[in-house]
Amino acid sequence: MAEADKKILVTRPSIPDMDEYINEIKSIWDCMWITNMGPKHEELRKKLSEYLGVDGIEIFTNGHMAIELSLHALGLYEGEVITSPFTFVSTTHAIVRSGLTPVFCDIDPDDMTIDPDKIEELITDRTVAIVPVHVYGNICHIEDIQAIADKHGLKVLYDAAHTFGETYKGKGIGAYGDVSCFSFHATKVYNTIEGGAACFSDRETGRKLGYLRDFGIVDEETVDCIGANAKMNEFCAAMGLCNLRHVDEDIAKRAAVTTRYREHLEGIPGIRLNPVQKDVKSNHAYFPAIFDAAVFGADRDEVFDALNKNGIGARKYFYPITTMMDCYRDKYNAEDTPIALKISKEVLSLPLYPGLAAEEVDRICRVITDCGR
Ligand code: T4K
């Protein structure tokens, strides 16, 4: 198949050479320990703690369970949680499945994270926490959110699924809030096939998380709390150990792809690109572009269709917003967060992964700019 005919997907997982992975998993056959916090799990946990610059970390079977069990570890089983509807549905599901009630706050139109100026008006005597999302790897208004949480005695749990390896003001992003949760899904900057982590500094929170991800088991005769099975197995941990060796190189390649996109698309009337945030070391997780149809000459859906026709699989992350989904639409009004609603109809995540060639970026941008003519 000619290079130009190949389908380009929104992302492609980073995996090591097969030999590297085989070498990493060989020792599993020696010890016959394949899950339940084995040696690979422990090695990965320690290495991630160093890489991410966090005091405490527990690893999980996926990012969703990290969020859900972190809510439990923080003792949040009832009450209202202020959060963003502009996210992957996991954030909302984790809150609801924990018996909590999400209260949706609108987003900042520039970085698309929760708008701190709109949080306080949503606080009631039932509010127990704020769950902001560092969407696309854009860092939330951390200081403002913490000040509100401190003033009202609320917990802060960051959905940091998109921010692996990012720093804010020189500090690992996982070190902010009461807990920060990462996703290590195949589609993320760093993957363990499926996986996730919760970072914390409070030892008691860490102790609870350790039990919660293993049914609440403390020892063979003691079950401390009502937990789940959310343990990362040894084969996933081995993939994580391999991928950790290459993640910096991957992020550098992503940065080059991002630069190429910007060279083509920056300054085109009617196309708005993701902001470059001050004090943030970015991981270049996503490349969202926002289309203003009246100015650009084509709307998001027309661009999406044109890309598709050309074998380019962009994605409408994050459309629909969670309040528009069938399982939530009866309880919420999407119009209550007008900025999130508007952006969800205008935004498109363009393909971005380390192996995306410069010529492919050029082709994608040609299709986009042709739509505007
Ligand atoms: N919070 C936020 C803000 C999140 O974004 C996520 C996950 C979570 C929490 C929960 O974390 P996890 O529990 O998932 O660890 C994908 C991912 O499944 C999901 O992890 C991710 N967010 C979400 C944004 O994207 P889909 O439904 O778009 O995935 P899918 O299967 O359509 O894959 C997207 C593209 O990736 C495909 O077009 C091709 C490529 N791909 C995918 C897989 C799985 C591959 O090339 N190989 C693969 O193995 O949800």
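Methionine 112 counts as buried at 2% relative accessibility (buried means under 20% relative accessible area, exposed over 50%, partly exposed in between, with a 1.4 Å probe and protein chains only). Its place is the loop between strand S4 (101-104) and strand S5 (127-131). Methionine 112 is not a glycine, yet its phi is positive, about 70 degrees.

This is a predicted model: local features need pLDDT of at least 70, side-chain atom pairs count only at pLDDT 80 or more, and totals for chains, interfaces and linings use all residues. Residues are numbered from 1 along each chain as its sequence is written, and side-chain values use heavy atoms, with hydrogens and water left out.

- Most residues other than glycine have a negative phi, and most peptide bonds are trans.
- Aspartate 279, not a glycine, also has a positive phi, of about 65 degrees. It sits in the loop between strand S13 (271-273) and strand S14 (280-281). At 36% relative accessibility, aspartate 279 is partly exposed.
- A cis peptide bond runs from tyrosine 317 to phenylalanine 318, with omega near 5 degrees. Phenylalanine 318 is in the loop between strand S16 (312-313) and helix H10 (338-346).
- The bond from tyrosine 319 to proline 320 is cis, with omega near -5 degrees. Proline 320 lies in the loop between S16 and H10.

**Overall fold**
- The protein chain has 11 helices and 17 strands (DSSP runs numbered from the N terminus: helices are H or I of at least four residues, strands E of at least two).
- Its radius of gyration is 21 Å, close to the 21 Å of the globule rule for 373 residues, so the chain is as compact as a globular protein of that length. The radius is taken over C-alpha atoms, and the rule is 2.2 Å times the number of residues to the power 0.38.
- Buried residues make up 57% of the 373 residues.
- Of contacts between residues at least 6 apart in sequence, 70% join residues at least 24 apart (contact means heavy atoms within 4.5 Å).

**Leucine 44**
- Leucine 44 is in helix H2 (residues 39-52). It is buried, with a relative accessible area of 0%.
- Beyond neighbours within four places in sequence, its contacts include Ile59, Tyr190, Met232 and Leu244.

**Helix H11**
- The buried residues of H11 include Glu360, Asp362, Arg363 and Cys371.
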